Amino acid sequence: MTSEVVVSEGRKLGRARWAVAAVFCVHGAVTGSFATRIPWVQDHAGVGTGLLGVALAFPALGASLAMPLAGAVSHRFGARAALRGLLALWTLSLALPALAPNVYALCGALFVYGATAGMADVAMNALGVEVENRLNRSIMSGLHGMWSVGALIGSAAGTLAAHLDADARLHHLIASAVLTALGLLACQHVLDLRGAPDEEAPPRFALPPRSALVIGAIGFCGVFAEGASLDWSAVYLRDGLGTSAGAAAASTTAFALTMAVARLAGDRVVDRFGAVRTVRAGGVLATAGGVLVVLAPHPLAAMAGFGCVGLGIAVVVPLAFAAAGRTGGNPSLSIAGVATITYTSGLIAPSAIGGIADLTSLVVSFALVTVLAFGLVVGAGVLRGSARGPETAVPGATARAAAAEVAK
């Protein structure tokens with residue numbers, strides 16, 4: 001391969017890398033924009049807390065049912081066109097929940113919202129894994145870090161809109177239009193992958209391979225700890241340790257920021273130490289954080305514990321997606337399988353923590369989180385041979401490595 005070709009390939013991969021990072025950011029911004037206006041949507045639809053809890057289960061239901069379709073869509077239309085269409089559907093669906101006049105319409109809107117989110121999620125993660133493979137170095141942690149950045153940006157804009165008492169229908173209509181335009185612009189530069197003419201189309205619905213289920217178990221542990229900490233850390237600090245409401249809320253924001261920063265920095269750690277060692281070390285840190293939370297005699301100790309949990313689990317989901325993309329004959333199907341498991345974990349974690357706390361206490365609930373965090377230490381080995389890192393270096397990848405240097 002000539003140096004001119006290497007440089008050209010490097011520039012192409014560099015553009016593709018930043019394009020898919022922008023896609024992740026847009027995807028996260030939709031989530032952040034919606035989350036901050038849930039109280040307005042609840043009031044507009046006239047639903048109580050119980051019915052709102054039911055309605056908020058529909059995004060995960062829609063995502064779980066629709067994610068296996070993403071592989072067939074990408075095969076038929078090509079990866080770039082599929083991502084362009086699926087991302088646009090996701091950003092446009094942001095406007096739907098605020099329009100719902102009752103709980104039935106809200107459930108339907110949130111089902112569509114979740115279905116489009118899940119399919120776009122699978123498509124962008126599959127493209128991210130492909131770029132990572134061609135660069136021959138880890139980028140998935142950074143991509144998920146960009147998702148967190150987008151969520152923070154969307155949350156900040158939503159907080160401002162709520163502070164100004166803006167109508168969420170207008171807010172989400174404007175946000176939807178802006179994010180759709182940004183998403184379409186970013187999709188112009190992602191890789192345009194297409195299957196071979198004689199390649200058999202993936203089934204519309206199929207069970208993920210067993211390897212993806214095993215990897216998904218690692219993702220389940222990480223997402224459960226994340227969901228529990230995000231939704232219950234403030235309550236734990238306020239009710240269990242007597243912290244003020246303001247300080248308790250600030251701890252949740254700090255946890256989210258910790259996750260974002262750790263993901264943005266995570267790729268360098270993975271490249272140096274490998275996926276298995278990184279997840280295992282993260283599991284040790286998260287377990288220590290969970291023990292500190294459970295035994296905390298003072299709010300500051302609990303805050304430090306939650307911070308350790310956030311740092312420890314930050315790269316688990318990105319590495320699980322990356323590993324899934326390198327197992328089985330159909331990367332999209334494997335990624336969809338892992339995504340389904342992680343979505344399910346994120347769905348059940350908050351209610352499971354609340355249920356256990358109702359029967360016992362929040363201390364016991366977070367003891368369970370600590371046990372699951374330790375599961376990362378025990379199960380990290382399933383990432384060996386599938387996720388990027390020193391233990392999976394690709395022999396003979398000189399040209400790609402040279403291209404990667406240009407793409408930095």
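**Exercise 1. Classify Phe34 and Tyr113 as buried or exposed, then describe their ring pair.**

Phe34 has a relative accessibility of 7%, so Phe34 counts as buried (buried: under 20% relative accessible area, exposed: over 50%, partly exposed: in between, with a 1.4 Å probe and protein chains only). Tyr113, at 5%, is buried by the same rule.

The model is predicted: local features need pLDDT of at least 70, side-chain atom pairs count only at pLDDT 80 or more, and totals for chains, interfaces and linings use all residues. Residues are numbered from 1 along each chain as its sequence is written, and side-chain values use heavy atoms, with hydrogens and water left out.

Next, the rings. Rings of Phe, Tyr and Trp (its six-membered ring) pair if their centres lie within 6.5 Å; planes under 30 degrees apart are stacked, over 60 edge-to-face, and the rest tilted. The whole structure holds 6 aromatic pairs. In one of them, the centres of Phe34 and Tyr113 are 4.9 Å apart and the planes stand at 45°, so the pair is tilted. Phe34 belongs to helix α1 (residues 3–35) and Tyr113 to helix α7, 79 residues apart, so the pair links distant parts of the chain (a helix is a DSSP run of H or I with at least four residues, a strand a run of E with at least two, numbered from the N terminus). Together with Trp90, these two residues form one aromatic cluster.

**Exercise 2. Determine which class the pair Tyr236 and Phe306 falls into.**

The ring centres are 6.0 Å apart and the planes are at 85°, so this pair is edge-to-face. Tyr236 sits in helix α10 (residues 210–241) and Phe306 in helix α13 (residues 299–313), so parts 70 residues apart in sequence are tied together. Tyr236 is buried at 4% relative accessibility, and Phe306 is buried at 4% as well.

**Exercise 3. Describe the surroundings of Asp121.**

Start with the location: Asp121 is in helix α7 (residues 103–135). Asp121 is buried but has no salt bridge (a side-chain nitrogen of Lys or Arg within 4 Å of a carboxyl oxygen of Asp or Glu). The nearest side chain of opposite charge is Arg263, 9.8 Å away (Lys and Arg count as positive, Asp and Glu as negative; His and the chain ends are not counted). Leaving out residues up to four places away in sequence, Asp121 touches His27, Phe321 and Tyr343 (contact: heavy atoms within 4.5 Å).

**Exercise 4. State how many helices and strands the chain has, and what share of residues is buried.**

The chain has 17 helices and 0 strands. Of its 408 residues, 51% are buried.
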